[in-house]
Amino acid sequence: MSVSRPDHLPQCTLAGEMSAEGPGLHTGRPVRVTLRPAVPDRGLVFRRVDLEGEPEIAATVDHVAGTFWETVLGEGEARVGMIEHLLAPLVAYGIDNLDILLEGPELPALDGSGREWCTRIAETGIEVQDGNARVLEVREPFTVRAGDSLYTVAPHAGYRVTASIDFDHPAIGRQSATVDVEPESFCREVAPARTFGLESWKEMLHSRGLALGATYENTIVATEDGLAPGTELRFRDEFVRHKILDLIGDLALVGSRLNAHVIAERPSHRGNVAVARRLRKLLARPEAGGAVLDINGILEYIPHRYPFLLIDRVLEFEGGKRILGLKNVTINEPFFQGHFPGHPIMPGVLIVEAMAQAGGLLLMNEFDDPQSKVVYFMSLDDVKFRRPVMPGDQLLFELEMLQLRGRTCKMRGETRVDGEVVAEASMMARVVDK
């Protein structure tokens, strides 16, 4: 897999501001949302303008706070629900940067689909921005299983989604559909598909404070032996098309555009988010000179914090094989106060620790949900120090994975300064649950 920034694919935002309002599908409370153009590299960011301090929540999988009947993002006490119906059209139109100002805990339901969002985006227009869009390109297929949901993600020249569902209900049954995620086909074939539910779910959902704003206008209601009176489907297979809408919206939380074919059997919000997590953590080599993972990304994958975080960037990555990390050594490092006054030298044990942190990133990439795991190093062998490391040096850590069995791996690492090896070691590490 790789992350690329092709020159011909610029970042985009809306050409102007647009708003929508109405009751939320779950709370039933009136809510207003305003979409404003944002600067390049801003990403999609929700802002709860009704709360003190107007807390922001980035639309990435790292902020998922719930997947029960909807996808909910959270930051501190702030929550934003039913995001998928908006995010899917934004993905289809290639909108990378946007401030989404929300006056409530969920987006308005509108008609329970993404159709109105498509209409409003088309009317508002798209603005091309400076800077290349981030694209995650899948080069090797992989699978993800979450409960009853099964996903295969395969290479594809573009973004395509296929989904199948199978409900033991006469109005639904077995349905499958495929869509290419681009404005015309998405807005025609997927966006109009409305959310749905079985009438038998009503009591359970209401007891949990959900579907309080659901109506026959914004929800397809399936009764015991068919559909609610007066219901007219927009598509014969509208149910699976709405599942595709949800899937595209949830995968927006990867935080980049996708070149992949996502094939989903019985997709769910929980499963969609599991796939988004897997995609989010894939690292690869971008354009020459660019960082694969900056410090903000590193903080998402390993638990180390000041003063013990000893890696600044990941420059190169080959999944399951190799990682190249970087640390700039400055006189401000706290250990130089005592090691040694008047003659600052980086302790050898911290050079090895920095190598180990780079190796931990390489190992973490092999597991889902790295935020719930930690790497323990079990042994160090053949440790050698070739010359001292001093303030002003730039360390390059190169780790090679020699063997991976289950949760245990062997690695070999070298640290270089200006092309010269300053330290090397063989390591054994194991991933454990926190």
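## Pocket, cavity and a helix pair

Helix H1 (84-92), strand S15 (159-167), strand S17 (196-198), helix H4 (202-207), helix H5 (238-251) and helix H6 (269-280) each give at least two residues to the lining of the second largest pocket. This is a predicted model, where local features need pLDDT of at least 70 and side-chain atom pairs pLDDT 80 or more, while totals for chains, interfaces and linings use all residues. Residues are numbered from 1 along each chain as its sequence is written, and side-chain values use heavy atoms, with hydrogens and water left out.

That pocket has 40 lining residues, with Trp 69, Phe 196, Gly 197, Trp 201 and Leu 205 nearest its centre. The largest cavity is lined by Met 82, His 85, Leu 86, Leu 107, Pro 108, Ala 109 and Trp 117.

| Space | Volume | Lining by class |
|---|---|---|
| Second largest pocket | about 1100 Å³ | 17 nonpolar, 14 polar, 9 charged |
| Largest cavity | about 40 Å³ | 6 nonpolar, 1 polar, no charged |

On a 1 Å grid over the protein atoms alone, a cavity is a set of points where a 1.4 Å probe fits but cannot get out, and a pocket is an open set with protein on both sides within 12 Å along at least five of seven lines; lining residues have an atom within 4 Å of a point.

Now the helices: H1 and H2 (residues 115-124) pack at about 40 degrees, axes 9 Å apart. The contact (heavy atoms within 4.5 Å) joins His 85, Leu 86, Pro 89 and Leu 90 of H1 to Trp 117, Cys 118 and Ile 121 of H2.

Methods: Points joined across faces, edges and corners; volume = space filled by probe spheres on them. Nonpolar A, V, L, I, M, F, W, Y, C, P; charged D, E, K, R; others polar. Helix = DSSP H or I, 4+ residues; strand = E, 2+ residues; numbered from the N terminus. Axes fitted to C-alpha atoms, helices over the stretch in contact; angles between N-to-C directions.
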